[in-house]
Amino acid sequence: QVQVVESGGGLVQAGGSLRLSCAASGSIFVINAMGWYRQAPGKQRELVARITSVGSTNYVDAVKGRFTISRDNAKNTVYLQMTSLKPEDTAVYYCNAQGLTSLHYNFDYRGQGTQVTVSS
């Protein structure tokens, strides 16, 4: 069993910053990739940023230059530093972890989400 727990959401004014954290725990052998998705009301969920175990990253165009994803492999933790936030960044942000369990089964788990609200 693998658990994924996000933290760090909240309310911030446009132009402000927030840092999201996500920790994966449980019967983990290795985490290959972790990422952040978001879903705004009435919209489809989209991948915001993703980082592999070797540090390769990719971002959705809307956040390039404003958001930075990083990870601490030793802690199975991923961070999303969000700067220059805009009202359109308002969404529930979900963390996702993909890897192998201690029994070498593939896993792909998502957390419960954390709300980010950017006021204008």
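Colleague: Which strands form the open sheet, and in what order?

Modeller: This is a predicted model. In it, four strands form an open sheet, ordered β1-β3-β8-β7, with antiparallel pairing.

Colleague: What makes β1 and β7 edge strands?

Modeller: Each pairs on one side only. β1 covers 2-7 and β7 covers 67-72. From one strand to the next, the twist averages 15°.

Colleague: How do you know that β7 and β8 pair?

Modeller: Pairing takes at least two bridges between the strands. Six bridges join β7 to β8, residues 77-82. Therefore they count as paired. The two run antiparallel.

Colleague: Which residue in β8 stands opposite Asp-72?

Modeller: Thr-77 does.

Colleague: Why is the link of Cys-22 and Cys-95 called a disulfide?

Modeller: The cut-off is two cysteine sulfur atoms within 2.5 Å. Here the S to S distance is 2.0 Å, so the pair qualifies. The structure holds one disulfide.

Colleague: What is the handedness of that link of Cys-22 and Cys-95?

Modeller: Left-handed, with -80° about the S-S bond.

Colleague: What does the pair tie together?

Modeller: Cys-22 lies in β3 (residues 18-26) and Cys-95 in β9 (residues 91-101), so the pair ties together parts 73 residues apart in sequence.

Colleague: Is Cys-22 buried or exposed?

Modeller: Buried means under 20% relative accessible area. Cys-22 has 0%, so Cys-22 is buried.

Colleague: And Cys-95, buried or exposed?

Modeller: Its relative accessible area is 0%, so Cys-95 is buried.

Technical notes:
Residues numbered from 1 in each chain as written. Predicted model: local features only at pLDDT ≥ 70, side-chain atom pairs only at ≥ 80, totals over all residues. Heavy atoms only, no water. Axes fitted to C-alpha atoms, helices over the stretch in contact; angles between N-to-C directions. Buried < 20%, exposed > 50% of the residue type's maximum accessible area, 1.4 Å probe, protein only.
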